[in-house]
Amino acid sequence: MARADLKKEKHEATEARISTLNMPQGGTWASMARNEALSRLRGMGLPARRDEYWKYTRPDTLIQQDAPAAALFDSLEPAVFDSVDRLKIVFVDGVFDAAASDDLSLSGVEIDRLETAAAADIHWAKDVYGRLEARGQTPVARPLAALNSAYATDGILIRVTGKAAKPISLIYTHKSEASDAILHHVIKLEKGAELTVLENGPAASRFNKVMEVEVADGAKFHHIRAQGRDHERRAATHLFTRLGSESLFKSFTLTVNGALTRNEAVIEFSGDNAVAHIAGAAMGDGAFHHDDTVFITHDAVNCESRQVYKKVLRNGAVGVFQGKILVKEGAQKTDGYQISQALLLDDDSQFLAKPELEIYADDVACSHGSTTGAIDQDALYYLRSRGVTKKEATDLLVLSFMAEAVEEIEDESLREEIVTRLTGWLERRSG
Amino acid sequence: MLDIKNLHVKLEEEDKVILKGVDLKIEPGSVHAIMGPNGSGKSTLSYVLSGRAGYEVTDGSVTLDDVDILDMEPEERAAAGLFLAFQYPVEIPGVGNMTFLRTAVNAQRKARGQDEMSAAEFLKVIREKAKTLQIDADMLKRPVNVGFSGGEKKRNEILQMAMLEPKMCILDETDSGLDVDAMKLVSEGVNALRDAGRSFLVITHYQRLLDHIKPDVVHIMSDGRLIKSGGPELALEVEQNGYADLKADAGAV
Ligand SMILES: Nc1ncnc2c1ncn2[C@@H]1O[C@H](COP(=O)(O)OP(=O)(O)OP(=O)(O)O)[C@@H](O)[C@H]1O
Ligand SMILES: [Mg+2]
């Protein structure tokens, strides 16, 4: 089909989608940021099936006017992170729930709701909101993120000046079968600051979330996310981050269940000697499509990036990985590592991977690998010959497969929380 | 204890017959050794006994304490008391040796309707047994067999056997890859387990192991059959003369 046709199709889809949304009213800075995002969105148009970047994941249900209904899933299992001492911020179907949340106060941290901050004429978030997202639109367009910046109805703005006393936990619960939520968070870590952000919950029938994280020199950001529960939910999330010198960024995502999840991460090294690790563990059974799309730009000297993605798939589940490391001219001493692996528990499942390296500096060490495999039959037999049941032996091998990703979580108790989830998921499945 | 009758085995995937009528009866408390040329079917016999996939039993039977084991899953055979120390122990990246052993011990206990071993008790027992086999704490923490030397792998097999306390122990070339001292350690480990209720089937190429682990009966396997059985002196004969005469005799029968 001709380019003009594609453009027309995108234009129509974009206008149709926009027509169902209301841009929230706000003060000067917010209105400007939103209108700029809207023109970005109009400029690129919503994703279409024929877009190269959407080759493996159909955007249809993410861009259609109404969110496809997603049944609520009643789990007896207590929610993840329940036992962690944290500051809770709860959103129900994308709407802030003050009663269920803690007071938004934590020493060394400023926390505002987007809705309140946007009403003000000026706010610190104006330097980040929509800005990192805009930077992340080249060289690849991320229209759903621009749509988010324009239309997000709520979100949380966090500015950290010291070491946060405890993690901030964003909890997304899902109560309406047809909810369509758009949330936008901004996190700004000032020099030397440190914060852990936890996220969990099914969020909504359809969830569009952007998180922009500005990590200043010497600051440390830890992010642990668990996307679980409702089987029919859909989500498109974007994580944009820019890293100052000597800073640290670590993000881990566990995904279980969900009809469609696309997690995009855009990481930019702008200061020297920084470290960014991003990892994901996804377990899919049946109608499960999970896409990790990562873009890392090294534009500074001596930075280390590490991507570790593991997916366990069965009963027709589909896993996608698109990961790119771009090393710009002058980004010498870059250490870039990328691994994406899928363990297919049957012949019905599939893994589609597109690992990419693009390097314009000569003194770098970058490697990437992608594998698709099945359970090692020799290992399985060996375990069984010691009396371990087939089911338990398989689970043990699955956990060991996931280990490299899970080990990216530094905090031991948080890592345990995730391992418990993985184990629980495995135990609930029959052999 | 173990009663193998007229066992015929072929490969599932191809028309290749490997075991051509093996008869072997092992009494409780006794030690039997099998020697035989490369490719004669010794490992195949041990795999078939432990329930590895890929083989088809076309005739014969195997019972452990009068219970047919051929239809059992590998884990059921293990719970019934059968143990195979592998000729080539498998490496399992990502699974800690200790985790693996505790999982195995508790799985067998569960299968037998016993309570799980507490973490503290397990630790105490394994430390003790590891020490006698000179397996250090580091080896217990590392992933199962990954990066272990040949000898370390074999000692690790014996550690598993000591922890699981099976009643029918099959050792497939446990002596290969062991230095002289390690061979002594391993033999002592095995001898420590010898008692009236436990039997051993020791597969080896060398008489030397049998100096340490004294067999009651020695069998010679050739081309999928046990062609001759005798006392420990049979092993000496093999050591000196090789298999040619034995094979010729068997052919003549
Ligand atoms: N899965 C298999 N596929 C093809 N051939 C096999 C397979 N398993 C066993 N064989 C063949 O069966 C024969 C017996 O093998 P086995 O490993 O049992 O011998 P062995 O007596 O243990 O030898 P060694 O002393 O060298 O360990 C060999 O010819 C071997 O190649
Ligand atoms: Mg062999």
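**A walk through chains A and B**

Let's start with one residue: B:Gln207 is buried, at a relative accessible area of 10%. You'll find B:Gln207 in helix H8 of chain B, which covers residues 207-212. Keep in mind as you look around that this is a predicted model. The side chain of B:Gln207 makes a polar contact with the side chain of B:Asp211, at 2.5 Å. Leaving aside residues up to four places away in sequence, B:Gln207 touches B:Met35, B:Ala235, B:Leu236 and B:Glu239.

Are they buried or exposed? B:Ser43 has a relative accessible area of 19%, so it counts as buried, the cut-off being under 20%. B:Gln87 is buried as well, with 12% relative accessibility.

Now step back to see how the two chains meet. On the chain B side, 29 residues are in contact with 16 residues of chain A. The area buried between the chains comes to about 1900 Å², and carbon and sulfur atoms give 64% of it. There is polar pairing too: 13 residue pairs across the interface are in polar contact, with both partners at pLDDT 80 or more. Several elements of chain B each supply at least two residues to the side that touches chain A: helices H1 (42-50), H2 (74-79), H3 (97-111) and H6 (150-164), along with strands E6 (82-85) and E7 (92-96). Which of chain B's elements gives the most? That's H3(B), with six residues. Sorted by class, this side of chain B has 17 nonpolar, eight polar and four charged residues.

Side chains of opposite charge can pair when their charged atoms come close. Four salt bridges are found between chain B and chain A. In one of these cross-chain pairs, A:Arg384 meets B:Glu73, with the closest N and O atoms 2.6 Å apart.

Over all chains, the structure holds 47 salt bridges.

Another chain A pair brings A:Glu358 and A:Lys324 together in a salt bridge of 2.4 Å, N to O. This one links two strands, with A:Glu358 in E19 (residues 350-359) and A:Lys324 in E17 (residues 318-327), 34 residues apart. Here A:Glu358 is partly exposed, with a relative accessible area of 26%, whereas A:Lys324 is buried at 12%.

Chain B has a pair like this to show you as well: B:Lys129 forms a salt bridge with B:Glu165, the closest N and O atoms lying 3.6 Å apart. B:Lys129 is in helix H4 (residues 119-132), and B:Glu165 is 36 residues away, in the loop between H6 and strand E9 (168-172). B:Glu165 counts as partly exposed, at 46% relative accessibility. Salt bridges can also share partners, and in chain A they join A:Lys250, A:Arg306, A:Lys310, A:Glu404, A:Glu408 and A:Glu410 into one network.

To finish, let's visit some backbone details. Most residues other than glycine have a negative phi, and most peptide bonds are trans. A cis peptide bond, however, joins A:Thr138 and A:Pro139, with omega at about 0 degrees. A:Pro139 lies in the loop between helices H5 (131-135) and H6 (143-151) of chain A. Over in chain B, B:Asn6 is not a glycine, yet its phi is positive, at about 45 degrees. B:Asn6 lies in strand E1 (residues 2-11) and is partly exposed at 32% relative accessibility. B:Glu173 also has a positive phi, near 45 degrees. You'll find B:Glu173 in the loop between E9 and helix H7 (180-193) of chain B, where it counts as buried at 10% relative accessibility.

Notes:
Residues are numbered from 1 along each chain as its sequence is written. Chains are lettered from A and ligands numbered from 1 in the order in which they are written. This is a predicted model: local features need pLDDT of at least 70, side-chain atom pairs count only at pLDDT 80 or more; totals for chains, interfaces and linings use all residues. Side-chain values use heavy atoms; hydrogens and water are left out. Contact means heavy atoms within 4.5 Å. Buried area is the accessible area (1.4 Å probe) that two parts lose on being put together, summed over both. A salt bridge is a side-chain nitrogen of Lys or Arg within 4 Å of a carboxyl oxygen of Asp or Glu. A polar contact is a pair of N or O atoms within 3.5 Å; within protein, one must be able to donate a hydrogen and the other to accept it, and residues adjacent in sequence count only if both atoms are side-chain atoms. Helices (H or I, at least four residues) and strands (E, at least two) are DSSP runs, numbered from the N terminus. Ala, Val, Leu, Ile, Met, Phe, Trp, Tyr, Cys and Pro count as nonpolar, Asp, Glu, Lys and Arg as charged, and the others, Gly among them, as polar. Buried means under 20% relative accessible area, exposed over 50%, partly exposed in between (1.4 Å probe, protein chains only).
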